[in-house]
Structures are given as C-alpha cells and as structure tokens.
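Thanks for coming. I'll go through one model this morning, starting with confidence and then turning to packing.

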Amino acid sequence: MRAGGGRPSRAADMKKDVRILLVGEPRVGKTSLIMSLVSEEFPEEVPPRAEEITIPADVTPERVPTHIVDYSEAEQSDEQLHQEISQANVICIVYAVNNKHSIDKVTSRWIPLINERTDKDSRLPLILVGNKSDLVEYSSMETILPIMNQYTEIETCVECSAKNLKNISELFYYAQKAVLHPTGPLYCPEEKEMKPACIKALTRIFKISDQDNDGTLNDAELNFFQRICFNTPLAPQALEDVKNVVRKHISDGVADSGLTLKGFLFLHTLFIQRGRHETTWTVLRRFGYDDDLDLTPEYLFPLLKIPPDCTTELNHHAYLFLQSTFDKHDLDRDCALSPDELKDLFKVFPYIPWGPDVNNTVCTNERGWITYQGFLSQWTLTTYLDVQRCLEYLGYLGYSILTEQESQASAITVTRDKKIDLQKKQTQRNVFRCNVIGVKNCGKSGVLQALLGRNLMRQKKIREDHKSYYAINTVYVYGQEKYLLLHDISESEFLTEAEIICDVVCLVYDVSNPKSFEYCARIFKQHFMDSRIPCLIVAAKSDLHEVKQEYSISPTDFCRKHKMPPPQAFTCNTADAPSKDIFVKLTTMAMYPEDHYRDRLSRDMGHTDRIENLRKIWVFLKTAFHARLRCMCTCNRCTFCICQNFLNSDLLQSVKNKIFTAVLNRLRARVAEWGAMLLADDEGSITHQVHAVSSVEDSIFMESSHGPLFLEARHVTQADLKSSTFWLRASFGATVFAVLGFAMYKALLKQR
C-alpha cells in the first residue's frame with residue numbers, strides 16, 4: 001500500500017489553510033529563511049521582520065494555502081506574540097547551530113512558553129530548525145535528539161542554511177506536513193508503536209474493507225482499498241512485494257494469500273516509522289476521520305433537506321448494500337443473525353445501536369434471532385423515524401466508501417409532499433405509518449405483535465422491559481410489497497400533534513370491556529372526524545364474550561353514522577399466526593386515503609341528494625296526478641271531496657303498504673347479498689368494498705290537501721341508489737300507481 005500520485009490528498013478538506021509561525025532568539029536567521037524561500041536567493045539586506053507571506057494552494061504539495069508569519073522581539077510585544085501563538089497551526093523554533101545559547105533557549109524559554117498558551121490535549125506541532133549550518137562542519141543533532149525525545153510535540157528537526165538555500169523548501173514542507181499529517185495522534189515515539197486510538201480506527205477500516213468477512217484482505221480487496229484511497233491500483237508484483245515485507249517481519253501477517261489485521265497494522269506502523277505518515281492519514285481521512293481520530297460530523301451527517309409533509313425511505317441501492325452486509329455476517333447461512341453475528345456486525349460501531357426491544361419490533365425466527373426481513377425492516381424503521389441516525393449508522397458501515405458514493409445521503413429517498421399524493425390520487429411511498437390508539441390493556445400490543453406473526457402464546461414470553469412501542473413488517477397490497485409501521489400511542493386525554501401525524505389510524509377496543517369503546521369514539525371525534533386520515537375500528541379479543549359497550553350507540557352504529565368501515569373482529573389467541581386481514585386493510589387505506597375520504601363524503605352528501613331527488617319526483621307525479629283529476633271533474637267541490645276521500649281511503653293505504661313491503665323485502669335481500677360479498681372479500685380493498693347498510697333518516701312526503709302521506713326509505717344500499725334498474729323500477733311503480741288510481745277514480749265516479 002502506498003500513496004499514488006493520481007489522487008489529491010483529502011487534507012484540503014480537513015484544513016482550510018496552514019499558518020506557520022517562526023520564533024527564536026534574535027539574529028538566528030528567522031527573517032532570512034522566509035526571504036530566501038520567497039526570492040530563492042540570500043538577501044543582502046535583511047529587515048528586522050518580514051511581512052506575512054501567503055503561498056497559494058496550487059504551488060504547495062498538499063494543495064492548501066499556507067501563511068508564513070515572522071516574529072521579531074524588537075518590533076512586537078509579548079501580547080502580540082501570545083496572539084500569534086494562539087493563531088498558529090505549527091511553530092518553527094529557529095536556533096543557530098553555531099550558537100549554544102540559542103539552543104538552550106529552545107527548552108528554557110520557547111517550548112514552555114508555547115505549551116502555556118496551548119491546551120494539553122491539543123498541543124501545537126513543533127519543528128526545530130537549525131539555521132546557519134553553512135558556518136559549521138558538524139551537526140547539532142546529537143544535542144537536539146534528547147530534546148526531541150523529551151517533548152513528543154516536536155515533529156522533526158531540520159538543519160538548513162538560508163545563505164546556501166539548503167533544505168529551505170523542505171523546512172516549510174515539513175512544517176505544512178506536521179499540520180496536515182501530524183504524528184502525535186498516530187504514534188508514540190517512546191514505546192515505538194501506534195497509539196490505541198489509531199489502532200482502533202485502522203481496525204475498523206480493515207473490517208469494512210474485508211468485504212467477505214474472512215479475516216483477511218485478498219488481492220481483490222487490497223486493490224479496491226488502494227483504488228478508493230489513492231486512486232491507483234497495485235500491480236500484481238507490488239501486491240506480492242507488500243506481502244513479502246509483512247511475511248519477513250511477522251509470521252501471522254499473511255494468511256491464505258491475504259493480509260491479516262496484524263499485517264495491516266504492521267504496514268501502517270512501518271509507514272509512520274519511515275516518515276510516511278501521510279499515507280496513513282490519507283487512509284484515515286478517506287474513511288472519515290479528523291485530526292483527533294474521530295469521525296467528522298460532515299462524514300456521519302451529510303446534508304439532507306427534508307421538506308414538510310415528506311418522509312424518508314431507503315432506496316434500492318441502500319437495500320442492496322444492506323443485503324450484502326447481512327450476507328457478510330450471516331456466517332451459518334440460516335437467514336438470521338445470531339447474537340454473536342450481530343455483535344460482529346456492530347464492531348465497526350463505537351457503541352451497540354440496537355437494544356433488546358428490537359427483537360419485538362421486527363420479525364425473528366423461533367430462537368428470537370433477527371431474520372433477513374427483520375433486519376431490513378429495522379433499517380426501514382430507523383430511516384423513517386430518525387433519518388439522521390440512519391445516516392450515522394450507514395457511515396459506520398462505510399456505505400459511501402464501499403458503494404463509491406459522495407455520502408450516505410445517496411441512500412435516502414425523500415418522498416414528495418403528501419398533498420401531491422392526494423391530489424394525484426396515487427403515491428410513490430413504500431412505508432406507511434399507522435397509529436394504534438386505545439385504552440390500556442385493550443389489545444394494542446397484541447395487534448403490534450400480530451403484525452410480526454406472533455400469536456398470544458408467543459407474546460406471553462416477551463419480557464416487560466423488552467416490549468416495544470413499534471412494530472414494522474411487509475404487507476402485500478395488490479401484489480406490491482409495502483412496509484406497515486405500527487406505533488402504539490399511550491392512552492391520554494388529548495393527543496399531541498406528533499401523535500396525530502400518520503397515514504392511517506387503528507382505533508382498538510376490547511369487546512369484553514364495556515368501557516373500552518368510549519375512548520376510541522372520543523379520540524375519533526376530537527382529532528379525526530373532520531380530517532382526511534382514514535380510520536379503522538378494531539374489535540380486539542374477539543374470542544372472548546362480547547359485552548355491550550357503555551356508549552350512547554353501539555360500535556357498529558357508530559361506524560355507520562360516521563361513514564366508516566364496520567368494526568373488524570380481531571384476536572391473536574390462535575394456534576397459528578394471527579390473521580393479517582386488518583393489516584392489509586390498514587395498508588390499503590393508507591395507500592388510497594382519498595378513496596376513503598371520497599366514500600365518506602359521498603355517503604354524507606350523495607344520499608341526501610338522492611333522497612331529495614326522490615322527493616322531487618314524487619311531488620311532480622303527485623302534482624300532475626292531482627291536476628289531471630281536477631281537469632276531468634265538472635265540480636271543483638266534488639273533485640276536492642273525491643280526492644280527499646281517495647287519498648285517505650283504506651284501499652289506497654293497503655296498496656301503498658303492499659308496495660312498500662315488497663320494495664323493503666327486495667332491499668333487504670340485496671343487503672344480505674352485499675354483506676355476503678363483503679365477508680368473502682379476501683383482498684381487503686376498501687376501494688372496491690361497498691358498506692352494507694347506511695341509515696336513511698329522511699322521509700319522502702306525498703303531500704295532500706289535508707296532511708302528509710309519507711313513504712320511508714330505510715336501509716338503502718349505495719349500490720341500489722346507483723343502480724339504473726332501481727330507478728327504472730321506481731319510475732315504473734309510480735306510473736302504475738297513477739294509472740290504478742285514475743281507474744279507481746273513474747269507477748267511483750260512475751257509481752255516483
């Protein structure tokens with residue numbers, strides 16, 4: 001592994017610029033060093049202090065703007081010196097190799113002064129600069145090495161000559177490198193080994209790069225690692241050379257032609273010891289680490305804009321990545337993650353992100369291990385409820401690196417505004433939230449666990465402290481796989497705004513508790529009666545004896561009054577997995593909320609309009625019939641009396657009652673037929689169901705001169721009101737009634 005020349009260093013992403021401060025005793029050559037660097041020749045006249053020099057990014061090896069600042073004791077105060085120290089990224093302490101006094105001042109004055117002005121946990125890197133090496137024939141390194149061993153913040157020592165331009169550019173390169181690639185966080189010179197934080201970071205990088213989880217980096221994985229870090233592949237011979245170097249120094253550094261973790265760590269230790277710690281820093285920064293070896297917020301939490309009324313879901317690429325992650329750690333290939341396998345997966349995390357309640361939130365196998373479907377469901381739940389946490393988790397897994405994406409944000413799909421879905425009457429969402437509401441012990445937990453396929457027997461084994469207020473699983477609606485997320489809402493007098501926001505509401509009451517339904521009715525009227533959120537009432541514990549609810553009307557009549565589907569009987573006290581019919585209904589209602597709202601609206605408005613039309617037709621026929629009688633009669637008084645007697649006669653009342661009974665029997669038969677069809681409907685589609693009976697309280701009046709004669713229309717189904725056959729029969733019946741009445745009138749007239 002080596003840094004290639006094709007990929008620019010990511011140090012530019014970590015530091016906006018580098019500020020180098022030169023300090024030291026007077027006349028050691030600080031200003032001469034700066035001027036020699038800029039002009040590339042030794043200045044004949046040296047000013048007391050050089051102005052601040054800025055080197056553009058495009059002419060520096062690391063592509064970072066560099067500022068070089070000179071300090072002059074003659075022109076600057078101690079306060080100005082302290083301010084410059086606080087602003088510097090690296091400090092070069094200059095001494096003259098031919099002046100022992102200036103060397104002594106390095107430890108007696110300058111290093112203590114700098115350390116006093118900096119935090120112990122973030123000491124500034126120091127470079128010792130021995131100037132005027134052209135004036136002596138010996139090296140000062142024997143004197144400097146003990147100082148370097150004493151102070152770990154000293155990165156290196158450079159001997160140079162401003163007059164001969166010796167090591168001038170190298171000096172400032174090492175200073176820049178000390179900022180961008182500091183040795184301090186990586187290596188401990190006293191113990192001659194990497195620091196624990198560095199080992200921990202490189203171990204995580206190794207685990208991520210080991211894509212088949214066999215404990216070694218094979219040639220393909222090493223090449224991928226080299227390419228994503230340095231943008232250049234390794235030749236086969238170069239790969240073999242790397243392995244040979246490791247084999248030569250440690251026996252277990254290579255196994256089965258792959259690089260082990262020990263070999264990987266040894267290579268980076270070797271890089272640091274040979275002054276190539278920029279290679280290790282390039283790797284660390286590519287995997288998201290900062291100078292303190294912490295994952296940066298920019299890496300873990302990339303910018304993701306989420307407009308109001310929009311939700312977040314994982315896209316297809318994210319599910320493929322999670323599938324490969326699951327397969328990587330499912331070593332026994334049983335389509336479930338055992339506790340040890342799950343622990344191994346979370347080794348790249350700084351903490352265990354999932355608690356024991358996860359096993360009661362998603363599907364598990366008989367042993368209680370999270371299945372493949374449960375694994376994807378938990379990630380879907382996290383993405384929906386807390387997308388920032390999902391981005392963080394994907395960052396720990398190395399999503400952006402392994403998929404070669406800009407960031408984890410590419411794994412997230414932000415759905416469009418829900419109002420647009422309602423307007424277009426279709427949705428592109430795959431996750432739907434259902435709030436489950438009811439009194440305590442009404443069976444809400446049973447509904448949640450039933451979504452995961454658990455009957456009452458399995459639910460009794462759940463520990464109280466391991467219970468979850470969420471459950472998520474896939475549901476198929478019209479052949480499409482969707483996620484239904486159930487949220488158990490705690491009982492309270494008033495729901496908060498956050499507890500109201502959802503795609504569908506499940507109101508649960510206990511059929512064996514007479515006070516259970518009242519809460520559901522009250523919550524519905526308070527929050528959902530006038531909203532467009534579809535609601536479904538579930539009669540839980542339907543295997544128990546049903547008692548009358550202590551409410552003004554029954555649950556069935558309540559649903560009929562508010563134009564809702566009838567209460568759905570539900571129980572999880574079964575031998576096998578509970579029925580999923582209500583979950584199909586809930587998901588369908590969430591997918592097509594506009595259909596549900598339109599059905600409610602049409603039942604409110606449509607029936608009233610049709611009854612009014614019936615009344616108008618009857619008034620028209622009655623008026624026409626009464627006018628015809630008047631026209632055929634020679635005596636107005638006689639006609640008036642005959643009409644009055646005819647409309648109140650027993651014969652007409654008997655005919656009316658027989659017609660009404662026949663129509664009512666026909667409607668009851670149609671109601672029973674529709675009820676049977678509803679019970680046989682396995683698809684649970686609310687868009688294709690017609691609710692069995694709607695109570696029509698209005699009456700159709702037939703006005704006569706003395707008082708109303710009315711024909712009640714009760715239990716008229718929606719399908720009957722829409723049917724053209726129904727209207728044809730009604731019109732035909734009215735015509736027959738008029739003809740019979742006219743014939744009877746003529747018969748009575750002849751008798752008189």
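Predicted model: local features only at pLDDT ≥ 70, side-chain atom pairs only at ≥ 80, totals over all residues.

For the chain as a whole, the average pLDDT is 83, with 78% of the residues scoring at least 70.

Now the packing. The largest nonpolar core has 77 residues, and the members that touch the most others are Ile 205, Leu 284, Phe 287, Trp 354, Phe 375 and Trp 379. Which helix gives the most to this core? That is H10, residues 261–273, with seven residues. Take Leu 284: leaving aside residues up to four places away in sequence, Leu 284 touches Leu 186, Ala 201, Leu 202, Ile 205, Tyr 289 and Leu 293. Another core, of 54 residues, lies apart from that one; its members include Leu 448, Cys 506, Cys 520 and Ile 523.

Ile 537 sits in E20, which spans residues 535–540. Is Ile 537 buried or exposed? Its relative accessible area is 0%, so Ile 537 counts as buried, the cut-off being under 20%. Beyond four places in sequence, the contacts of Ile 537 include Leu 507, Tyr 509, Phe 517, Phe 558 and Met 564, along with Pro 566 and Pro 567. From Ile 537 to Ala 569 the separation is 32 residues in sequence and 9.0 Å in space, C-alpha to C-alpha.

Methods: Residues numbered from 1 in each chain as written. Heavy atoms only, no water. Core = buried A, V, L, I, M, F, W, Y, C linked by side-chain atoms within 4.5 Å. Buried < 20%, exposed > 50% of the residue type's maximum accessible area, 1.4 Å probe, protein only. Helix = DSSP H or I, 4+ residues; strand = E, 2+ residues; numbered from the N terminus. Contact = heavy atoms within 4.5 Å. pLDDT = per-residue confidence, 0-100.
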